[in-house]
Amino acid sequence: MIKLAMAMFLLAGAPAAMAAGLTDAHDAYDRNEVAKAERLYAAIAADAAASADDRAEAGVELARIAWLIDGKADVALQRLAAARTTGGKACDVSEMTARVLREAKRGAEAIAAEPALLAACPEPRKRDPIRVHAIAARLDRAIDVPAERPSLLRQASAEAAQLTQDAGNDGAKARLAVAVLAGDAAAALAAWKDYYWLTDADAPPALAQFHPTALFEKGLSAGASDGDRVEVAHLLMRAGFADALKRYASAFGLPGNARNDHWKLVQAYLAQRHALTAAELETNRALAHGGSKDDEPLKQAAFKTLGVLMGAAGAKGDPRAAVLEHYGVIGSVGLTGGYPSLHVGHVVDDRTETVRQYGHSARIRFAVIDNMWANGFEGWLWDGSAQTGGWSGEDLIVQVRSAYTSGPTSAYALLGDTAERRELLANIAQWSSEDVAKARTGVPTTLRSVNGRLRLQVVEQVAAAAKRHAGADDDFRRAFLDEYWRASNQHSIFIHEGRHAIDKAMASDPSTLDETMLEYHAKLSELALADYPRMALHNINRGIGGSSAHDRAGTRIIGHFNAWIEAHSGQVAGYDPSLPAAVQLDKLTDAQIREVARSLDPLAQGQGSTASAGSPSGTSRR
């Protein structure tokens, strides 16, 4: 599997005046050293000499641990209240507060707190997540308290109208949920199309057969029949909008008189999704506290879910084919990064591709999934800073769409003299001295200043390509998002997962392949064959020194690159002999990155440098 670092990590995960202790705490948390991270965060939060931003950020992370890992809403809110008194990171404190209140089913408190939470946040782009949580709280309460429903729906609609373009897919999902409950077919279709980045079509390829335009118009009308409403519910199930589905079914008393096969599927889906994600949460929380890494209990829970879903569908044969056919779901359960992990999502595209690298090829299916039930233990632990971007196996490559949609928009925010760019530049300046000290210890670790510079270099490269691709009348932003999306898919899915498929096809017994070696080879292919090797290098240069297969492979690769820089310093433009080679990784040219990667890859030895490095056409990109 490939771990995808979310682009916003460099922005939201690191204040301009970050102390080394806070960096160490983040690193410990990312490595699932939760108890250590909690001690470090607590020390920073209590340190009167630390900056307000550092103390506030530590408080937010302590609240994350209390809520995400321990399920203690009161403790999390107490920690957030303490963080608020520092005066730092006001938007992050407000967002986490809104989230805890909403997820803890304290909707009335979330609604009442929203004005103050918004007022405390001076950054417009960071008010969107607060509003999204408040909208969800209103919709939940609209179901729980029918007498207040009309008023709550009006409030939710007003809030949804204030969401900005930066709200992205979370904003589109919120607007869809409001429109479905309010019976507004036009608004529902607009939000649906925004979520999937659609223009000419009304559905991504895997959902086109359901004709959303017609379903929304019939099922959301004032006089809709129970049968038409069940068809809307079935569409929401196939797409994976579980929260909107639950509210819609409850609000309109489904199934009513429409007791058909589609309702049987919806009913089984809601019950089993709840049961399986509850089992996964229990597993994840135990792992975060050092529990057993035996994946058998999670597998048994998944197999039980498969059985119930198949029974509701009256299906026989291969369970994977059955749940794909009747529920539009693809999943995987087992060990990911050494941890028991569940990965389940809804298919939005499914096609066959031929992958070619260094004279070798493999025929594979490529599927894109979205609206995840779960995306592995590490994805849950990282809580938005990174997640599994996909996996391969048995001639199937799976891309997790949600791991990619925020990358292009956050990258675009770094163009020009923006607040996001200024913040990142300030962070890089702070990290640089810390990273030099770290590099001189010789201990492998992620160097954030290097990754920050790589990030900005990639943004500039993609912007240049977008300017070339966009015509005189074309929208540059749209061209940039398209190119960034394509490039992200290319290196991290088509090339990375394609290399896994090739390695497995070449092996006499694929079951004996070492996971770390597979990741090592796949990352080398990314670096050598991607249109933007710096994009791949930026993603690889995270988790260095960690224990997962991804981290071990990345550590090995970055070590080789640093050694190459030291041995060829005269060929590295701007090389400074007074600084460690590790902090000069971003000075390599694209050609040098490709050269080093090929020199390390046994498959590239004696082979040509060409490969099928294009990207699948994606999931109905704009």
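The legends below describe close-up views of a predicted model.

**Figure 1. The nonpolar cores of the predicted model.** The largest nonpolar core comprises 121 residues. Within this core, the residues with the most contacts are Trp192, Tyr196, Phe216, Phe241, Tyr327 and Leu527. Strand E4, which spans residues 360-375, gives the most to the core, contributing nine residues.

**Figure 2. The surroundings of Phe241.** Phe241 counts as buried because its relative accessibility is 4%, the limit for this class being under 20%. When residues up to four places away in sequence are not counted, Phe241 touches Lys173, Leu176, Trp192, Tyr195, Tyr196, Leu236 and Asn371. Phe241 is also among the residues with the most contacts inside the largest nonpolar core.

**Figure 3. Aromatic pairs formed by Phe241.** The count of aromatic pairs in the model comes to 16. In one of them, the ring centres of Trp192 and Phe241 are 6.0 Å apart and the ring planes stand at 55 degrees, so this pair is tilted. Trp192 belongs to helix H11 (residues 185-196), whereas Phe241 lies in the loop between helix H13 (226-239) and helix H14 (242-251); the pair therefore ties together parts that are 49 residues apart in sequence. Trp192 and Phe241 are both buried. Tyr195 and Phe241 form an edge-to-face pair, with 5.1 Å from centre to centre and 75 degrees between the planes. Because Tyr195 lies in helix H11 and Phe241 in the loop between H13 and H14, this pair ties together parts that are 46 residues apart in sequence. Tyr195 has a relative accessibility of 4% and so counts as buried.

**Figure 4. The aromatic cluster.** Trp192, Tyr195, Tyr196, Phe216 and Phe241 are linked into a cluster by ring pairs. Among its members, Trp192, Tyr196, Phe216 and Phe241 are also listed with the most contacts inside the largest nonpolar core.

**Figure 5. Asp243 in helix H14.** Asp243 is placed in helix H14. Its relative accessibility is 41%, so Asp243 counts as partly exposed. Asp243 and Ala136 are 107 residues apart along the chain, and their C-alpha atoms are separated by 8.9 Å.

**Figure 6. The buried helix H24.** Helix H24 runs over residues 533-540 and is mostly covered, with eight of its eight residues buried. These residues are Pro533, Arg534, Met535, Ala536, Leu537, His538, Asn539 and Ile540.

**Figure 7. The crossing of helices H25 and H26.** Two packed helices are described by the angle between their axes and the distance between the axes. The axes of helix H25 (residues 549-567) and helix H26 (residues 590-600) come within 11 Å and cross at roughly 115 degrees. This crossing of H25 and H26 is right-handed. From H25, the contact involves His560, Phe561 and Trp564, while H26 provides Gln592, Ile593, Glu595, Val596, Ala597 and Leu600. Sorted by class, the residues of this contact are six nonpolar, two polar and one charged.

**Figure 8. Asn562 in helix H25.** Asn562 lies in helix H25. With a relative accessible area of 15%, Asn562 falls under the 20% limit and is therefore buried. Asn562 touches Ala581, Ala582 and Leu585, residues up to four places away in sequence not being counted.

Conventions
Residues numbered from 1 in each chain as written. Predicted model: local features only at pLDDT ≥ 70, side-chain atom pairs only at ≥ 80, totals over all residues. Heavy atoms only, no water. Axes fitted to C-alpha atoms, helices over the stretch in contact; angles between N-to-C directions. Helix = DSSP H or I, 4+ residues; strand = E, 2+ residues; numbered from the N terminus. Left-handed = near helix turned anticlockwise from the far one by under 90°. Contact = heavy atoms within 4.5 Å. Nonpolar A, V, L, I, M, F, W, Y, C, P; charged D, E, K, R; others polar. Buried < 20%, exposed > 50% of the residue type's maximum accessible area, 1.4 Å probe, protein only. Core = buried A, V, L, I, M, F, W, Y, C linked by side-chain atoms within 4.5 Å. Phe/Tyr/Trp six-rings, centres within 6.5 Å; stacked < 30°, edge-to-face > 60°.
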